[in-house]
Amino acid sequence: MSKKTLIVIGNGMVGHHFLEQFVASSAAPDYDILAFGEEKQLAYDRVHLSEYFAGSTHADLAMGTEDWYTEQGIELHLNEPVTALNRDQRTLITPKGEYHYDELVLATGSFPFVPPIEGREHPHCFVYRTLDDLDAIRASAKEGKSGVVVGGGLLGLEAANALRSLGLQAHVVEFAPRLMPVQLDADGGALLRHKIEELGVQVHTEKATTAIVAGENARLRMNFSDDSHLETDLIVFSAGIRPQDALARASGLNVGERGGIVVNDQCTTSDPHIHAIGECALWDQRIFGLVAPGYTMARTLASVLNSHSDAAFTGADMSTKLKLLGVDVGSIGDAHGQTPGARNIRFNDEQTGHYRRMVVSEDGKTLLGAILVGDNSYYDTLLQYALNGIALPDNPEALILPESQGGAPALGPDALPETASICSCHNVTKGDICCAIDAGSSDLAGVKADTKASTGCGGCTALLKSVVDNELEKRGVAVSKDLCEHFPYSRQDLFHLVKVNGIRSFRTLISQHGKGHGCDICKPVVGSILATCWNEHILATDHVPLQDTNDTFMANMQKNGTYSIVPRIPGGEITPDKLIVLGEVAKEYDLYTKITGGQRVDLFGATLSELPVIWERLIAAGFETGHAYGKSLRTVKSCVGSTWCRYGVQDSVGMAILLENRYKGLRAPHKVKMAVSGCTRECAEAQSKDFGVIATENGWNLYVCGNGGMRPRHADLFATDLSDEALIRTIDRVVMFYVRTADRLQRTSVWMENLEGGLEYLKHVVLEDSLGICAELEEHMNGIVDTYQCEWKTAVEDPGKRKRFREFVNLPEQRDPVQQWTTERGQRRPVLESV
Amino acid sequence: MRTRTCWNSVCTVDDLVPESGIAVWTVDGPVAVFYLPHRLPALFAISHADPFSGANVLARGITGDLGGEPIVASPLYKQHFNLKTGACLEDESVRVKTYSVLLDGNRILLETRETHQEAVAA
């Protein structure tokens, strides 16, 4: 039997996805496959189009490679638009020739709708769809100062961000009274507008453009129906999409009144040999302008062409989650509450800029839809409730309340049914993931490769990881917790070995419990454990070679091999005399000086041999080491508190100094930060710290396990209205429990998230002493406090330790020739050519 | 033509730090000398310059062994270098210069290129 011919018109995301599905199916060998694309490039990821302006290239965004097409035996015709169909002959015509098909797939996508405004053909008017469009916008922006996006929907705001990134003053002009009218309600839209305007994008709603004419101060002027106008150098139209159905229309296929190629549940058009998928297809009177439904259609059609008669497209979830100009926006299901009897639960915090709305069924049992602005961390859980019809808890409002107000914990992976959709781009359910694991995938990377989950928009990454981890654990797959090749133990195990056996040196530990000589993973871990257990000087002969880069020289190494120095300034309180000493030292040694985020002063550019000399000066002036180099307590930040502030209710500075002096020097698995605020206004930002203390009328509220940095986490309220003594006792216990049980380089936030039982468990251990270890934890902490020494004071007084601070041991006066300097804004900074 | 070399005393045993490195200045520029007392031989010398940052810092890295080979981890970006061969474990194309090093009584001798007066005159 001779082969049949399958032709796919349109080489976009959906067309490419269809080909991927089809070539992997059993029908593929029966067909010669041809793919036609109008653009000159191979299919690329249009969802992430804006990244093109951030430096991504076509290769970064490409869905596949030409080699892949060759390997699959697909004949690729790029830059070759199809101009006509001849359905009787089953042929199609392009400028280069005529081709016969047996089955034809239309994946022609959509085109941007440009409203019929006079002057829209002006050369500085654009649309936002293809890489060519973006190249043209970039060229136009070079000479311009401002740009307008017509349309305040999802794509319009993306485009506004792109204009902003090109250095233009960006404006958004929207016809409706609010932004994202499809996804958001009035309150959500208003909040989004406020946030976007804060970023410098000007929003103009309820504006209908009547004409585009030459501008006086800019290239163009837009006249609006209310007689106002706006001048701009370029205009990007993003006023919605229209299905690209021209070929279908011209060849007499059924199309919808407002466009779109009519298809049935099998994605077949009114001609049984012609099929349509993606944004060009009209199913049940609906066009789906998202990639996930297009992929679902592609999969359905691949099954249909493999004679699976039961394959059917049954609609798609249009929920979306995205970050627009840095603002989280989410919209789920029936976001506007159009279901009869639907009821609303709203949370609106104008202070923090968070808005959340749940639409629940009349009986309050199921979630119909939701709107989120400001914080999408609630999205995954809400989506799972909505998609799977999971019964809502008795207090559904907990799902959108901040956690500190008693919000519900996230829906654990065990609570999800097998049918729960984890990855909507590739339609992967929890059941699919379980199958992949049962078939041999033994880690996250394997599951991703087998199921393609999380390889589309990537929005489900965190959820996927929690499902995979949970399933692996249920199957008893032990994930190796060995520290490194030298120790078959976790950090927690090593801590126990050191503590219980009274081991005081690395050499003893590795000879009794490990093998080899150690490495840069295990040595600092053991150094830290030994310091926590026995609190000996970190530069004692046995401990020197264990210390991490910065601990070895008790300063922070910078990129050119010089160091920065951060003296301790407890609570950020400093006398003018001490401040003058810092200034004098910095001036004498020409140190670049910067105020840190932790209310201290950082002095940069000291050479190795200068460190002990500088510290002699600082110690003489009463300074101690600030441990900015250590995995240990950094600072306790504070606001000025009740001694000065008219709102303060407690002495926050006094408490911060007390805490800083108590916990300074303690070695921990990672750095630890604290803060104390004198009232609920929280000026010290305590809730972003590992330990945050906020004053109340009656004492102190303690928050634990917060985090700034790369992955910010709000601290959890741990105990309320504590006295000074109770506060310190509670922190002692949590700190010691963390130090003893956390993994290597695990911050308190991740530590707590990984504690089985989480916050509640920690409360039981610390507040109710459920493990009966609190007395021991306190005793250990007191021992560390009692044996504190300023490491720098001990070091400068010991000639043996000082010997290490020499650049070149045989030539003390030799300067490092690589360290070159220039002056910027009145201070010295390094010049270092990377080699 | 083969480069002529010579042995120079660069420091004494007292300058060394067990299980760690120190830096010395030579005619070739900065060299890192490591003393790993639990190995035989116990002395290693490689260029002090970190090829990834250009900074002279390798003597200040953490030493140890990986797969039995002696290594130092750069203190800046943590790449590992084999102390015997100078090879970078993370990037095959990168290798730092190694030097022969000897213990002579109390002195540490390093082999570097010769810089005698007559060499200049010739």
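In the predicted model, A:Val360 lies in strand S24 (residues 354-360) of chain A, where helices (H or I, at least four residues) and strands (E, at least two) are DSSP runs numbered from the N terminus. With a relative accessible area of 4%, A:Val360 is buried, the classes being buried under 20% relative accessible area, exposed over 50% and partly exposed in between (1.4 Å probe, protein chains only). Not counting residues up to four places away in sequence, A:Val360 touches A:Ala342, A:Arg343, A:Ile345, A:Thr366, A:Leu367, A:Leu368 and A:Leu392, contact meaning heavy atoms within 4.5 Å. The C-alpha atoms of A:Val360 and A:Gly215 are separated by 50 Å, the two residues being 145 residues apart along the chain. A:Asn395, in the loop between helix H9 (379-388) and strand S26 (421-423) of chain A, counts as partly exposed at 36% relative accessibility.

Residues are numbered from 1 along each chain as its sequence is written, and chains are lettered from A and ligands numbered from 1 in the order in which they are written. As the model is predicted, local features need pLDDT of at least 70 and side-chain atom pairs count only at pLDDT 80 or more, whereas totals for chains, interfaces and linings use all residues, and side-chain values use heavy atoms, with hydrogens and water left out.

Helix H13 (residues 491-501) of chain A has as its buried residues A:Arg491, A:Leu494, A:Phe495, A:Leu497 and A:Val498. Seen down the axis of H13(A), these buried residues fall within an arc of 165 degrees, so they line one face of the helix; the arc is that of the directions from the helix axis to the C-beta atoms. The cover over the buried residues of H13(A) includes helix H14 (506-513), H15, helix H20 (724-741) and helix H23 (774-786) of chain A. H13(A) is followed by A:Gly502, which has a positive phi, near 60 degrees.

Over all chains, the count comes to 40 salt bridges, a salt bridge being a side-chain nitrogen of Lys or Arg within 4 Å of a carboxyl oxygen of Asp or Glu. One of them joins A:Asp690 to A:Arg747, with the closest N and O atoms 3.0 Å apart. This pair links distant parts of the chain, since A:Asp690 is in the loop between strand S33 (672-677) and strand S34 (691-696) of chain A, and A:Arg747, 57 residues apart from it, is in the loop between H20 and helix H21 (748-754) of chain A. A:Asp690 counts as buried at 0% relative accessibility, and A:Arg747 is likewise buried, with a relative accessible area of 13%.

A salt bridge is also formed by the side chains of A:Arg733 and A:Glu778 (2.7 Å, N to O). Here too distant parts of the chain are linked, A:Arg733 in helix H20 and A:Glu778 in helix H23 of chain A being 45 residues apart. A:Arg733 counts as buried at 15% relative accessibility.

Within chain B, B:Arg113 forms a salt bridge with B:Asp28, the closest N and O atoms lying 2.9 Å apart. The pair links distant parts of the chain, 85 residues apart, with B:Arg113 in strand S10 (residues 107-113) and B:Asp28 in the loop between strand S2 (20-26) and strand S3 (29-35) of chain B. B:Arg113 counts as partly exposed at 38% relative accessibility, as does B:Asp28 at 24%.

Between them, chain A and chain B bury about 3,000 Å², 54% of it on carbon and sulfur atoms, where buried area is the accessible area (1.4 Å probe) that two parts lose on being put together, summed over both. A:His517, A:Asp520 and A:Val809 supply 18% of the area that chain A buries against chain B, more than any other three residues. The contact takes 39 residues from chain A and 38 residues from chain B. Three salt bridges are counted between the two chains, including that in which the side chains of B:Glu19 and A:Arg507 meet (3.0 Å, N to O). Helix H15 (522-534) and helix H16 (549-553) of chain A each supply at least two residues of the side of chain A that touches chain B.
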